[in-house]
Amino acid sequence: MAKISGNRAQREQEEQQPDWQPGTPSKMADERQYETLMDARRDAMLARVQEGYEQFQKTRTFSMPLWLYGETRGTLFKVECEDNPDFGETSFLEFDSARTAFLSIDYQIDFCGEKGYVDVMGYPLKNTATPLQATRRCLDAIRGTDIKVIHSREGHLPDLSDCPYNKLLRSKIIGKGVGIGEQPEGGMGRLLVRGSRSWGIVKEVEPIEGEILTDKAGKGALGVSNLFLQLNNLGITHLVITGITTDVCVDTIMTQANDLGFWCLLLKDCTGATDEGNYEAAIKMTKMQGGVFGWVSDSNHFIKGLEDAGLSMGGKGVSSGQLRRVV
């Protein structure tokens with residue numbers, strides 16, 4: 001056996017008997033120093049943050065940063081948010097209506113209808129169907145305004161070439177022999193397959209002319225759909241998020257959007273999960289750390305914010321435009 005070098009023996013001894021406390025910085029922490037040319041931009045950004053901080057202390061409002069996005073394009077409105085920045089506290093999130101998109105995520109038969117994917121897995125449909133009424137109220141309130149409405153559907157190509165094998169296998173096991181790509185007994189079509197009737201959006205919140213319909217091949221949207229490309233092309237900065245399920249598709253899209261810099265508001269009565277405990281955990285998780293993924297409110301506060309700004313249309317809808325589908 002080759003003789004162990006002195007340095008290696010010393011390292012092994014230190015690993016066996018460490019003389020440091022948990023959380024001690026690694027020696028490598030001092031090995032990388034970034035270029036000082038970045039300092040000026042950092043200081044300028046932190047100055048803007050300080051301004052926003054001081055404004056929030058006075059108004060309890062996360063104001064629309066016009067210095068970042070430019071002049072207002074639509075109508076400014078504010079929505080009251082709960083448990084923010086700390087639990088038990090209230091704040092407001094400000095929107096520019098022309099830079100706002102209302103997301104209606106995956107309200108499909110497969111997730112909230114009989115003989116769909118969720119039903120086949122054995123979960124109670126009331127958990128995912130209950131938020132339909134509140135979501136419809138919000139849609140009625142914003143249709144005809146300049147707030148964009150985007151509907152999404154999760155589903156895979158008919159040849160399943162965009163569906164991972166492990167997802168297919170898990171779905172077949174939990175479905176007791178019937179999984180994605182297969183049609184359950186008495187079902188409307190193949191589960192989570194584009195073009196199948198069970199893949200379609202339910203009547204209560206179906207898209208109307210002028211609204212955008214986008215398809216995604218996964219629980220999130222980044223890399224498996226055109227959603228974020230569409231949002232950028234529309235000049236969207238703020239999202240009002242609804243849909244199912246709270247702990248899977250909704251949470252994933254909200255997390256991805258937050259990482260990309262979108263201001264996300266989740267309407268808690270406009271979303272649901274297959275398990276009530278998971279729903280409650282997802283809502284609480286969103287509120288943690290001063291809103292780690294965004295803000296939480298409900299349909300009543302959202303509609304009140306619209307009405308206070310003179311925006312609510314009372315369900316008049318749009319009169320022109322074409323329904324666009326992006327595959």
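This short talk goes through the nonpolar core, the aromatic pairs, the salt bridges and a surface patch of the structure above.

Before the details, please keep in mind that this is a predicted model, in which local features need pLDDT of at least 70 and side-chain atom pairs count only at pLDDT 80 or more, while totals for chains, interfaces and linings use all residues. Residues are numbered from 1 along each chain as its sequence is written, and side-chain values use heavy atoms, with hydrogens and water left out.

By a nonpolar core I mean a set of buried Ala, Val, Leu, Ile, Met, Phe, Trp, Tyr and Cys residues joined through side-chain atoms within 4.5 Å, where buried stands for under 20% relative accessible area, exposed for over 50%, and partly exposed for what lies in between, with a 1.4 Å probe and protein chains only. Helices and strands here are DSSP runs numbered from the N terminus, a helix being H or I over at least four residues and a strand being E over at least two.

From the core I move to the aromatic rings. The structure holds eight aromatic pairs, counted for rings of Phe, Tyr and Trp (the six-membered ring of Trp) whose centres lie within 6.5 Å, with planes under 30 degrees apart called stacked, over 60 edge-to-face, and the rest tilted. One of the pairs is F56 with F62, which is tilted, at 4.7 Å centre to centre and 45 degrees between the planes. In that pair F56 is buried, with a relative accessible area of 10%, whereas F62, at 22%, counts as partly exposed. The rings of F111 and Y117 have their centres 6.3 Å apart and their planes at 75 degrees, so this pair is edge-to-face. Here F111 is buried at 6% relative accessible area, and Y117 counts as buried at 13%. Coming back to F56 and F62, ring pairs link these two with W263 and W295 into a cluster.

A ring can also have a charge over its face, as with K78, which lies over the face of F92 at 5.3 Å from the ring centre; the rule asks for NZ of Lys or CZ of Arg within 6 Å of the ring centre and within 35 degrees of the ring normal.

Side chains of opposite charge can pair when their charged atoms come close. If a salt bridge is a side-chain nitrogen of Lys or Arg within 4 Å of a carboxyl oxygen of Asp or Glu, the count comes to 16. The side chains of K268 and E82 meet in one of them, at 3.1 Å from N to O. K268 lies in strand β8 and E82 in strand β2, so the pair ties together parts that are 186 residues apart in sequence. A local example is R136 with D140, whose closest N and O atoms are 2.9 Å apart; both residues lie in helix α7, four residues apart, or about one turn of the helix. R136 counts as partly exposed at 35% relative accessibility, and D140 likewise at 25%.

A nonpolar patch of about 460 Å² is made by M45, L46, V49, W67 and L68, and α2 (39-59) and α3 (66-69) each supply at least two of its residues. Helix α2 gives the most, with three residues. Patch residues have over 30% relative accessible area and no salt bridge, and nonpolar side chains (Val, Leu, Ile, Met, Phe, Trp, Tyr) are joined within 5 Å, like charges within 9 Å; the areas come from the Shrake-Rupley method with a 1.4 Å probe, and for residues only the protein chains shown count as cover.
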